[in-house]
Structure formats: structure tokens, C-alpha cells
Amino acid sequence: MKSYDVVIIGGGPGGYNAAIRAGQLGLSVACVEGRSTLGGTCLNVGCMPSKALLHASELYEAASGDEFAHLGIEVKPTLNLAQMMKQKDESVTGLTKGIEYLFRKNKVDWIKGWGRLDGVGKVIVKAEDGSETALQAKDIVIATGSEPTPLPGVTIDNQRIIDSTGALALPQVPKHLVVIGAGVIGLELGSVWRRLGAQVTVIEYLDRICPGIDEETAKTLQKALTKQGMAFKLGSKVTQAKTEAEGVSLTLEPAAGGAAETLQADYVLVAIGRRPYTKGLNLESVGLETDKRGMLSNEHHRTSVPGVWVIGDVTSGPMLAHKAEDEAVACIERIAGKPHEVNYNLIPGVIYTRPELATVGKTEEQLKAEGRAYKVGKFPFTANSRAKINHETEGFAKVIADANTDEVLGVHLVGPSVSEMIGEFCVAMEFAASAEDIALICHPHPTRSEALRQAAMNVHGMAMQI
Ligand code: FAD
Ligand code: NAI
């Protein structure tokens with residue numbers, strides 16, 4: 001039986017980053033992954049392929065519509081969907097191979113197959129050919145990720161009723177794509193297919209999109225997406241889905257009750273959230289249990305069983321790749337005896353639509369609920385010179401600061417390239433910056449980042465360019 005300091009089950013952003021850090025710290029480490037490629041959901045069927053299609057579809061739409069023509073570029077693009085998918089797949093392969101390289105560089109053994117616990121300190125891996133290998137480890141890290149939450153009555157067949165993985169590889173542009181769930185996946189992948197020519201209807205159970213995100217910010221994004229042609233049916237629930245030869249017939253009702261209606265779609269994307277994945281892990285062998293949602297709880301990444309740790313989507317917190325990565329580093333450093341904390345208050349969230357939405361820290365709704373006095377500074381992109389010359393003026397930067405100390409508590413952005421700008425505030429907030437600090441710091445001109453500075457100035461009513 002091969003023996004390691006650490007065995008990690010799962011090779012996604014949680015697992016592969018944990019493995020790399022363990023290797024860097026000189027621990028002997030194996031990472032067990034059952035998929036044929038490393039990188040987990042994120043690299044294979046999540047963050048990366050979705051961003052590849054968002055990028056390509058954004059350029060296609062810009063070239064197809066008035067946007068290029070307005071800039072004086074006259075083209076008539078033709079969609080080559082097969083090539084769009086091929087370049088996405090090639091990028092994904094490049095990235096997953098990159099993790100293999102990083103494993104070699106950091107002396108991480110990739111044990112191919114599905115792992116299960118076999119008592120404390122033991123993992124059994126079943127390979128594709130059915131053979132089994134037993135591994136021994138001082139510490140075991142569970143990083144098995146998540147899977148799409150199913151919707152009763154709407155069975156995913158990945159033919160006509162699809163999950164996000166199906167929506168990343170459709171063979172044709174749907175005439176009508178119905179998305180169930182106005183969350184991150186629904187808005188991103190709904191945008192991809194709308195840009196490529198589909199009519200897109202998003203059905204959401206709640207009376208707002210993107211629950212948990214600052215409400216004014218989410219509403220601004222919804223307005224922009226509606227203007228682009230995405231239709232929203234809020235406060236609605238799907239009660240039935242019947243697959244027919246050429247599509248799906250959906251029955252929906254108001255969430256609060258009322259008359260039912262039917263909707264025809266040629267594809268239905270179910271995107272109502274993800275749930276932790278622990279299938280086949282044999283948790284009983286170490287006496288571990290999941291909660292009602294299937295989640296393994298943790299305290300500083302430790303489960304209730306000594307020597308068994310848990311990180312990423314399979315445990316509490318936002319299901320985001322960078323959260324899994326941060327937990328990976330903190331967990332391994334703790335295993336190596338180094339104190340390390342994840343600051344869960346400062347995990348940014350981004351929706352990669354156009355305009356993008358980026359957020360970090362507290363929302364106005366949270367601060368109201370906490371009874372904390374705050375001030376808001378806002379600055380619209382219509383008043384930002386770079387956004388104006390690029391004709392990308394939708395959205396705003398919003399900075400929320402403590403009314404007494406001026407410490408920045410939350411930042412909510414809708415606008416062009418805000419995914420690349422939110423990091424500025426993650427750094428500033430980690431150092432407990434005040435809105436005044438940001439207002440006093442020189443930002444390059446002309447950039448969209450100036451809107452963030454102006455919003456910080458406006459916490460005190462001192463924005464200069466509006
Ligand atoms: P995963 O990435 O799910 O990896 C877990 C791995 O464990 C999988 O490869 C699985 O095969 C393996 N595994 C499971 N059980 C076993 C076992 N018993 N033995 C061996 N291997 C096992 N997040 C972002 O931050 N930004 C984004 O832009 C973004 N876009 C997304 C788009 C989509 C369409 C989806 C679905 C998700 C997206 N996410 C995004 C979320 C992100 O993918 C996850 O938060 C992230 O992958 C979680 O990492 P993880 O390591 O915890 O789990
Ligand atoms: P989500 O939690 O973002 O959104 C799900 C939406 O579905 C919510 O608005 C919810 O109210 C709604 N909903 C739930 N049940 C419903 C029902 N029965 N009928 C209609 N609506 C219903 O989940 P999503 O979009 O599936 O994404 C899963 C996870 O993947 C998220 O946690 C997200 O963090 C991650 N992800 C992150 C991305 C990013 O960072 N850019 C991109 C894509 C996914």
C-alpha cells in the first residue's frame with residue numbers, strides 16, 4: 001500500500017490547488033480524480049468553457065449588430081458553431097493539460113479513478129478497468145465538488161432538457177431556449193445562446209433575479225439584459241415538462257398560485273443551483289455524515305473526524321472556484337502546521353454577462369438587516385470618459401461605507417470589464433481601507449477604473465465628474 005502525507009479526493013480548483021500547495025511545502029501528496037482530465041467542474045464544464053463561449057458570442061454579436069457598424073466596421077459574420085465549440089474544447093484541453101504539468105512540477109501523484117474512504121487514513125481508488133488501489137495517508141482532503149440540483153418533474157436528459165454541461169455543447173442554436181433559474185448559470189449561458197440567435201426566456205421562482213446580490217445592482221443588470229431581448233418571467237414555477245419530438249412543452253404557474261400557462265421550447269436549461277457531491281465516498285467508514293442538503297460541514301476545513309478535511313463546493317460557502325482555491329491553500333497550510341485563514345467576508349462574485357456584474361462585501365439589504373449605519377457613493381458609467389468613447393455606458397459603480405468610520409463595507413459594480421476591477425476593492429477592503437483612501441489614490445486616465453474612484457468620492461458627495 002502506497003503511503004502519503006496527504007491524499008486529496010477530487011482534482012478541481014479545490015483539489016488541484018491543495019495538491020500543488022502540498023507539493024510546494026514538501027509534503028508527499030496524491031490527488032485522486034475519476035474524470036479523464038484534471039481541473040474539475042471549473043476547467044472541464046464550468047468557468048472556463050462558459051467564458052470561452054461568452055467571449056466568442058460577445059464578439060459575434062458585436063460584429064452582427066449595429067455595434068461594429070457604428071464604429072465604421074462593416075462586416076457580415078457567419079456563425080460557425082462547430083468551430084466555436086472546437087476552439088472552446090481546445091482551450092479546455094490546454095488548461096487541463098496545464099494542471100498535469102503543474103502536478104509533475106510539484107511532485108503530485110495523480111491517481112486515476114474514483115476514490116472512497118476505507119476508515120481513517122485509508123482511501124481506495126477504483127480505476128476505469130475495475131482494478132483497485134489502496135492508499136494510506138496521514139491526512140485526507142475531500143474536494144469532491146458539486147453537481148446540478150435536479151428539479152422534480154423536469155428530468156434532465158441532456159437531449160432537450162439540459163443542465164449547464166449540455167448547454168455548453170448544444171449542436172445547434174435553439175429557436176427558443178427556456179432557462180429555469182435566473183442565477184449565474186442561467187444569465188451567462190442564456191446570454192451566450194441569445195447572442196447566437198436564440199429567443200431566451202428565463203423563468204425564476206422568486207420575484208427578483210440573482211438572490212443574495214445587492215438588489216439595485218441585480219435590477220440594473222436585469223434591465224440591461226431585458227433591453228438585449230432576454231425575457232424574464234419572475235415569481236413563476238414550472239410544474240411539468242413534457243418532451244416532444246422537436247422540443248419541450250412546459251407548464252408553469254405563478255409561484256404564489258394562480259392560473260397555469262404552457263410554454264413551448266426547443267431546449268430547456270435547468271439551472272436552479274448546485275448541490276454538494278459525495279456519492280460513493282463511503283463516508284460511513286469514518287463516521288461522517290452530510291446535512292440535509294448533502295453538505296459536509298467544517299470548522300477551519302476540518303471535518304468532525306480528525307485527519308479528514310473538506311474544501312470547495314462540497315462544503316459550506318459560495319460555490320466558486322476562487323473560494324475553493326483559497327480554502328485549498330488554507331487547509332494544506334493548516335495540515336502543515338501553519339495558521340491560515342480564509343476571509344469569507346471578502347470573496348468576490350462575478351457574473352460574466354455584458355454588462356458584467358461584480359460584487360464584494362456587504363449588500364445594502366444585509367447592512368439594513370444588521371442595523372448598521374452606512375453611506376452610499378455611486379457613479380454611473382455614462383459619466384466615465386473611457387466607457388463613453390467605447391459606447392459601453394450601462395451600469396454604475398457603487399461603494400458602501402460605514403457611516404461612522406468610513407470603512408468600505410461593500411462594492412457593487414455593473415458595467416464594462418468590472419470583473420477585472422473588483423480585485424482593487426478586495427485588496428483595499430482586506431487592508432480595511434476607507435472610502436476616502438480610495439478617493440485619494442491616483443487612478444490612470446482614461447480608464448473605467450476611474451468610476452470606482454469617483455464612486456468612493458461620492459460616499460461624501462464629492463464626485464467631481466458628474
Ligand atoms: P469541482 O470543480 O466540482 O471538482 C471536484 C472533482 O472531484 C471533479 O472533477 C470530480 O470528478 C471529482 N470527484 C468527485 N468525487 C470523486 C471521487 N469519489 N473520486 C475521485 N474524484 C472525484 N466559479 C467561479 O468562480 N467562476 C466562474 O466563472 C464559474 N463558472 C461556472 C460555470 C458553470 C457552468 C458551472 C457549472 C460552475 C461555474 N463555477 C464558477 C463554479 C466552479 O466551477 C466551482 O465552484 C468549482 O469548480 C468548485 O471546485 P471544487 O474543487 O470544489 O469542485
Ligand atoms: P444560482 O444559485 O446562482 O441560481 C439559481 C436560481 O434558480 C436562483 O435565482 C433561484 O431562486 C432559482 N430557482 C431555484 N429553484 C427554482 C425553481 N424551482 N424554479 C425557478 N427558479 C428556481 O445557481 P446556478 O445558476 O445553477 O449556479 C450554480 C452555482 O454555480 C452557483 O452557486 C454559482 O456560484 C456557480 N457559478 C458561478 C459562476 C460565476 O462565478 N460567474 C458562473 C456559473 C455558475
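A polar contact is a pair of N or O atoms within 3.5 Å. The model is predicted.

**Polar contacts with ligand 1**

- Which atom of ligand 1 lies 2.7 Å from a polar side-chain atom of Lys 51? It is an oxygen atom.
- Asp 313 also places a polar side-chain atom by an oxygen atom of ligand 1, at 2.9 Å.
- The protein covers 94% of the accessible area that ligand 1 has on its own, which is 1,000 Å².

**The shell around ligand 1**

- Around ligand 1 there are 39 residues.
- Those that come nearest are Gly 14, Glu 33, Thr 41, Lys 51 and Gly 115.
- By type, the shell holds 16 nonpolar residues, 18 polar ones and five charged ones.
- Which element gives the largest share of the shell? Helix 2 does, with four residues.

- Strands of a sheet pair through backbone hydrogen bonds, and the pairing is either parallel or antiparallel.
- Three strands form an open sheet here, in the order 12-13-14.
- Is the pairing in this sheet parallel or antiparallel? It is antiparallel.
- Strand 12 (236-244) and strand 14 (261-265) are the edge strands, and each pairs on one side only.
- From one strand to the next, the twist averages 25°.
- How many bridges join strand 13 to strand 14? There are five, and strand 13 spans residues 247-254.
- Thr 251 has its bridge partner in strand 14, and that partner is Thr 262.

**Arg 104**

- Arg 104 belongs to helix 5, which runs over residues 81-105.
- Is Arg 104 buried or exposed? A residue counts as exposed when its relative accessible area is over 50%. Arg 104 has 58%, so it is exposed.
- Ser 57 is 47 residues from Arg 104 along the chain, and the C-alpha atoms of the two are separated by 35 Å.

Definitions and conventions: Residues are numbered from 1 along each chain as its sequence is written. Chains are lettered from A and ligands numbered from 1 in the order in which they are written. This is a predicted model: local features need pLDDT of at least 70, side-chain atom pairs count only at pLDDT 80 or more; totals for chains, interfaces and linings use all residues. Side-chain values use heavy atoms; hydrogens and water are left out. A residue is near a molecule or strand if one of its heavy atoms lies within 4 Å of it. A polar contact is a pair of N or O atoms within 3.5 Å; within protein, one must be able to donate a hydrogen and the other to accept it, and residues adjacent in sequence count only if both atoms are side-chain atoms. Accessible areas come from the Shrake-Rupley method with a 1.4 Å probe; for residues, only the protein chains shown count as cover. Helices (H or I, at least four residues) and strands (E, at least two) are DSSP runs, numbered from the N terminus. Ala, Val, Leu, Ile, Met, Phe, Trp, Tyr, Cys and Pro count as nonpolar, Asp, Glu, Lys and Arg as charged, and the others, Gly among them, as polar. Two strands pair if DSSP finds at least two bridges between them. Axes are lines fitted to C-alpha atoms, for helices over the stretch in contact, and angles run from 0 to 180 degrees between N-to-C directions. Buried means under 20% relative accessible area, exposed over 50%, partly exposed in between (1.4 Å probe, protein chains only).
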